[in-house]
Amino acid sequence: MGDCKSVAPGLEGEENLIAAAQHIVKALGSNKNLTDDVRKILVDLGTQLSTITRADENKSEGVNEIEDRLIAAQDKVMSWEAEQCMVWDSGPEEAAEYLKAVEEVRKLTEVLESLCLNKDSQGDELLRRAYDVLQTAMARLEEEFRHLLFQNRQPFEPEHMSFRSNDEDIVDEGSVISFEDDPVEDSLQTDSISRSSEDYIIHLVHPDVIPDLKSIANLMLSSNYDQECSQAYVSVRKDALDECLSILEMEKLSIEDVLKMEWAGLNSKIRRWVRAMKIFVRVYLASEKWLSDQVFGEVGSVSSVCFVEASRASIFQLLNFGEAIVIGPHKPEKLMRILDMYEVLADLLPDIDGIYQEDIGSSVRTECREVLGGLGDCVRATFLEFENAIASNTSTNPFAGGGIHPLTRYVMNYIKILTDYSNTINLLFEDHDRADPGSLSSNTSPVTEEENKSGISSCSTPTGLHFRALISVLECNLEDKSKLYRDVALQHLFLMNNIHYMAEKVKNSELRDVFGDEWIRKHNWKFQQHAMNYERASWSSILLLLKEEGIQNSNSNSPSKTVLKDRLRSFNVAFEELYKSQTAWLIPDSQLRDELQISTSLKVVQAYRTFVGRHNPHISDKHIKYSPDDLQNFLLDLFEGSPKSLPNPHRR
């Protein structure tokens with residue numbers, strides 16, 4: 001406007017010059033001695049001066065019309081400044097009239113700016129007035145914009161979303177979460193995460209007000225008040241996004257807060273994070289992006305800028321939690337949860353790339369990839385820590401009864417759960433193993449020719465190789481634990497129980513596809529060997545008492561009654577001691593227990609029956625303490641985990 005003032009004296013000089021020229025032309029035209037050519041020139045000059053004069057008169061009339069229009073629009077705008085209520089609360093007609101008045105002011109401002117550029121001083125004062133009215137109207141529209149956005153927010157109800165975590169998915173009834181000899185009941189659970197959920201667009205504000213918001217935004221942006229409009233939008237929607245996270249039970253936690261949390265609380269937080277990420281990205285952010293596109297879609301990059309500025313803090317809050325998990329200690333019980341986090345973030349990465357596809361969203365895309373990479377590193381480190389924990393798990397006392405050790409249950413249940421993540425584990429370990437072949441344990445059992453010939457390719461996958469490494473470490477640990485038993489027979493019974501449990505767990509679960517049938521056959525053979533070694537260690541010395549060697553009298557073919565009595569007495573004592581100890585031993589698997597009882601009975605009872613039957617004429621009934629049927633019944637009491645003593649038998 002200062003430029004307009006500076007040219008005003010020049011404009012007045014031009015007007016005086018035109019008046020003087022008209023006066024000269026009139027004076028000359030009255031001279032009768034002019035030639036025709038000169039007279040024609042004077043006529044043309046007079047016509048041009050008249051045209052200039054009429055143009056100035058029309059311009060003056062145009063400025064007057066602008067002033068009238070400005071006054072009318074100003075009256076409409078200023079009438080609302082005295083009102084306490086909102087324009088849009090007074091109905092659509094009033095809102096439309098208000099918008100029309102503001103649009104009129106905007107257009108008049110453009111016209112007056114043009115007059116100013118053409119060095120017309122008449123529009124100067126009007127332009128200043130138009131600016132003042134427009135500024136007042138923009139402040140009102142910004143307030144109305146905020147009000148519409150806030151008052152018309154739609155309730156967000158995540159409980160109606162279809163992809164919820166299943167908190168009731170218990171892994172295994174007998175599994176444990178402690179490596180100690182005293183088991184602690186397992187709380188390991190796996191989330192059932194839908195990987196095929198479609199994006200859901202919900203109305204975050206009432207759809208009826210979208211046209212009004214769009215009209216206000218377009219008018220503010222076309223009036224060069226884009227910053228004020230954007231700030232108003234970002235402020236309201238940022239608060240709405242914070243409220244959404246609160247509804248999803250995602251509180252603001254610093255990295256230090258997360259690192260200080262106990263596992264039970266952290267486990268719950270991770271489960272909520274996994275669910276919240278899917279809902280927040282696929283539903284809320286997708287709907288938030290749609291809303292900003294609806295409001296600002298026709299105005300360049302404003303939509304993307306507003307969306308990113310409104311949502312950046314919220315998505316970073318979620319990603320910061322993932323970063324805290326990456327930084328934290330790599331405890332084995334966290335592995336499944338970290339895999340859940342990795343899978344859900346990897347699954348959402350295309351969605352995030354699509355939502356934040358413009359350059360302004362590059363920081364979000366980059367942060368997502370950094371957190372995802374950190375979670376992948378965390379999975380590998382935690383897996384290695386799990387293997388180290390198995391190897392370093394030591395006991396000072398043997399596990400009572402020789403049953404299935406808690407460590408065996410834990411490891412087998414652990415890797416059984418991990419089969420749900422086989423594809424992810426393959427992905428995370430494939431390149432890593434190729435770059436670092438030493439990452440596999442030296443105890444890893446190589447894939448045999450039989451497995452290759454049988455076409456079991458899953459055995460050679462990263463998952464298969466690393467699972468076999470874990471089991472090899474477990475078997476070495478169990479070998480060491482078996483040596484804590486003084487009784488060699490109990491050592492073999494302990495190994496038989498644990499290897500049988502491992503083989504059955506693999507055979508009857510998804511682990512079969514990972515380990516292969518050859519591995520199962522090999523470990524079936526292993527536990528059967530331990531069963532045979534148990535029988536030898538337990539019964540060989542007792543069965544020697546029922547052999548024929550050394551029974552005959554040296555001077556006759558008849559058996560020595562004294563030797564027979566001693567043999568039977570020794571057998572009874574040995575059997576009673578074995579019965580007392582081995583009824584306290586435990587074989588948890590009923591089928592395995594029955595098979596070993598039958599196998600033992602076939603050897604012991606048959607040998608006893610033959611011995612007593614052959615020498616019955618030389619032995620008094622009072623020396624036969626137990627009948628073969630008694631022994632067979634007593635053998636059924638073995639391996640129940642409850643110590644018993646034999647009662648005094650009825651004399652026959």
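User: Is threonine 463 buried or exposed, and how is such a label to be read?

Analyst: Relative accessible area sets the label: buried means under 20%, exposed over 50%, and partly exposed in between, with a 1.4 Å probe and protein chains only. Threonine 463 has a relative accessible area of 1% and is therefore buried. The model is predicted, so local features need pLDDT of at least 70 and side-chain atom pairs count only at pLDDT 80 or more, while totals for chains, interfaces and linings use all residues. Residues are numbered from 1 along each chain as its sequence is written, and side-chain values use heavy atoms, with hydrogens and water left out.

User: Where is threonine 463 found, and which residues does threonine 463 touch?

Analyst: Helices (H or I, at least four residues) and strands (E, at least two) are DSSP runs, numbered from the N terminus. Threonine 463 is found in helix H16, which covers residues 462-482. Contact means heavy atoms within 4.5 Å. Leaving aside residues up to four places away in sequence, threonine 463 touches Ser422, Ile425, Asn426 and Val514.

User: How many helices and strands does the protein have, and what share of its residues is buried?

Analyst: The protein has 22 helices and 0 strands. Of its 652 residues, 46% are buried. Among contacts between residues at least 6 apart in sequence, 80% join residues at least 24 apart.

User: What angle and distance describe the packing of H9 and H11?

Analyst: Two packed helices are described by the angle between their axes and the distance between the axes. Axes are lines fitted to C-alpha atoms, for helices over the stretch in contact, and angles run from 0 to 180 degrees between N-to-C directions. The axes of helix H9 (residues 263-296) and helix H11 (residues 335-355) cross at roughly 15° and come within 11 Å. H9 is therefore roughly parallel to H11; angles under 35 degrees count as roughly parallel, over 145 as roughly antiparallel, 65 to 115 as roughly perpendicular and the rest as oblique. Their crossing is left-handed, a term used if the near helix is turned anticlockwise from the far one by less than a right angle, with right-handed used if clockwise. The residues of this contact divide into 14 nonpolar, 1 polar and 8 charged. Here Ala, Val, Leu, Ile, Met, Phe, Trp, Tyr, Cys and Pro count as nonpolar, Asp, Glu, Lys and Arg as charged, and the others, Gly among them, as polar.

User: Is arginine 337 buried or exposed?

Analyst: Arginine 337, which is in helix H11, counts as buried because its relative accessibility is 3%. Arginine 337 and asparagine 267 are 70 residues apart in sequence, and their C-alpha atoms are 7.3 Å apart in space.

User: How do H17 and H19 cross?

Analyst: Helix H17 (residues 488-507) and helix H19 (residues 517-544) have axes that come within 8 Å and cross at roughly 160°. The two helices are therefore roughly antiparallel to each other, and their crossing is left-handed. Residues making the contact include His492, Met496 and Ile499 of H17 and Trp519, Phe527 and Tyr534 of H19. By class, the contact has 15 nonpolar, 7 polar and 2 charged residues.

User: How does the reach of helix H6 relate to its expected span?

Analyst: The expected span of a helix is 1.5 Å times one less than its number of residues. Helix H6 (residues 210-222) has 13 residues and reaches 18 Å from first C-alpha to last, close to the 18 Å expected. Its buried residues are Ile210, Leu213, Ile216, Ala217, Leu219, Met220 and Leu221. H6 packs against helix H7 (residues 226-247) at an angle of about 145°, with axes 7 Å apart. In that contact, Ala217, Met220 and Leu221 of H6 meet Asp226, Glu228 and Cys229 of H7. The classes are 4 nonpolar, no polar and 2 charged residues.

User: Which residue just after H6 takes a positive phi?

Analyst: Asparagine 224 does, with phi of about 65°, although it is not a glycine. Asparagine 224 is in the loop between H6 and H7 and counts as exposed at 67% relative accessibility. Glutamate 249 also has a positive phi of about 65° and is not a glycine. Glutamate 249 lies in the loop between H7 and helix H8 (255-260) and, at 43% relative accessibility, counts as partly exposed.

User: Why is H13 described as largely enclosed by the rest of the structure?

Analyst: Helix H13 (residues 406-418) is so described because 11 of its 13 residues are buried. Among them are Pro406, Tyr410, Tyr414 and Leu418. H13 reaches 18 Å from its first C-alpha to its last, close to the 18 Å expected.
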